[in-house]
Amino acid sequence: MSNTWKIYVLALVSFLVGTSEYVIAGILDRISETMNISLIAAGQLITIFSLVYALGTPIIIALTSRMDRRKLLLYFLGLFVVGNVLAYLLPGYGLFIAARVLMALGAGVVVVTALTVAAKIAAEGKQASAIATVITGFTASLIVGVPLGRMVAAAWDWKLVFAGIAVLGVIAMVVIASTIPSSEGEAPVPLKKQLALLKQPRIGFALLVTFFWLGGYSIAYTYISPYLVSIAGMSETLLSSALLAFGIASLIGSKSGGYSADRLGVKRTLLLGMALHVISLMMLNVTAHSGATVFIVLVLWSFAAWSSGPTQQYNLVTMAPESSGIMLSLNSSVMQLAMAAGAGIGGIAVSAVSLSSITWIGAAGVVIAMIIIILAYRPAGATVAQTESSNVA
C-alpha cells in the first residue's frame, strides 16, 4: 500500500472519531425518546465527551510521548472501538455515559497520533497536505457522518450508528497494523512550558475568543435536531437533507475563511464571519415557522460559523510561531471545553427558558467573542514591533 493510501486510512479514522462526537446532535431527539430521558440529559452526552476529550488527551499524550506511534494509535483506536461496541450493546443511560467516556479517551489520542503519523509517513514537502487530509476526514463527519446517522436512526435504530463505527474501526486497525510502520515517540513537552504561553495576555484573550465563539455555536448546535423538528416543523426527510447541507456549508465556510484571512486579514475575517454567525442565529428564530427559509438560514449559519475556524488557528500560530504545536494543542483543548460548556448551557436554557431560546443565547456568546476581538486584538507584527521599540528605549 502506498503512503498516500495509508494517509487516507488515517483520514478514515479521523472521520470515525468526528462522527462519534458530532452525531449525537443529529439524533438527540431519538436518544431522548428511546431512553426515556429529557433532551437536557441527552445533551449532556456531548458535554461529557468533550470534557473527557479536552482534559484527558493532553495528559495521555504527555504520559505516552516516548511510546511507538503505531502501537499508541492501535491501542487507543482499540479503546475507541470498545467504547462504540459498548454503546451499541449496553442498555440504559448510565452505561451509555460510561461508553462515551471510553470513546472520548480513545478519540482524542487517536486524532493527535494520526496527525503525527501522517506527517511522518508523508513524502518530503507533503507533510502539510497529509495533515490537511487527516483533518478533512474529521470535517467530513459533519458532511456525511451526521446526516447518515440521522437516516440510520430514522430507518432502524440509532445504536446501529455506533455498531457501524466499531466495524469500520476494526477494519482500520487491521490495515494500520499491517501497513503503518513503527516510529519512535518524541521528547515530552513539559506541562509547565505549555501553560506558560497562557501568561501572555494576547494569547489568553485569543483563546477566550475560541471559547465564546465555539461555545455560542455549541449552545445551538447541540439541540439543533429537536429544534428543527419541534420549532421549525421539519419532516424527517427534510431534516436529513438539512444536516447534509449544513455539513457541506461547513466545509465551504472553512475554505472561505482561510482564503479571506489571507486577503482581508485575521481581524476583519473574524469579525465579518462572527457578525454573520450572530445574524444567522437570530434569523433561525425569526424564520422558525418557514421550513424553506430555515433551511437557507441553517446553511448560512454553518458557513459563517466554520469560516472562523481556520482563521482563528492561523491567528494563534502567528502569535507564537516557535510554539505552533503547543498553540494548536491548547486551542484544541479550549474548543472541546467550549463544546462541553455550550452543551451544558444549552441544556440549562432548554430547561429553564425554552428550546427556542438556544439561538438567542448562542448568539450572545458569539457577540462576547466579537467584543474581545475588538478590544484586545493586536496583530502579531505590531506586537513584535512594539516589543522591539520598548527594548530600544
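The chain exposes about 16,400 Å². Carbon and sulfur atoms supply 69% of that area. One caution before I go on: this is a predicted model.

Now the build. What does the chain have in the way of helices and strands? There are 16 helices and 0 strands.

Next, burial. The chain has 393 residues, and 52% of them are buried.

How do the contacts run along the sequence?

On to the inside. How many cavities of 30 Å³ or more does the count give? The count comes to 1 cavity. The volume of the largest cavity is about 90 Å³.

Who lines it? The lining of the largest cavity has 13 residues. If you want to find the spot on screen, look for A206, V209, N315, M319 and Y377. Those five lining residues lie nearest the cavity centre.

Which elements give two or more residues to this lining? They are α9, α13 and α15. α9 covers 201-221, α13 covers 291-319, and α15 covers 358-376. The most comes from α9, which gives 4 residues to the lining.

To recap: 16 helices and 0 strands, 52% of residues buried, and a largest cavity lined by 13 residues, with α9 giving the most. That's my tour.

Definitions and conventions:
Residues are numbered from 1 along each chain as its sequence is written. This is a predicted model: local features need pLDDT of at least 70, side-chain atom pairs count only at pLDDT 80 or more; totals for chains, interfaces and linings use all residues. Side-chain values use heavy atoms; hydrogens and water are left out. Buried means under 20% relative accessible area, exposed over 50%, partly exposed in between (1.4 Å probe, protein chains only). Accessible areas come from the Shrake-Rupley method with a 1.4 Å probe; for residues, only the protein chains shown count as cover. On a 1 Å grid over the protein atoms alone, a cavity is a set of points where a 1.4 Å probe fits but cannot get out, and a pocket is an open set with protein on both sides within 12 Å along at least five of seven lines; lining residues have an atom within 4 Å of a point. Grid points are joined across faces, edges and corners, and a volume is the space filled by probe spheres set on the points.
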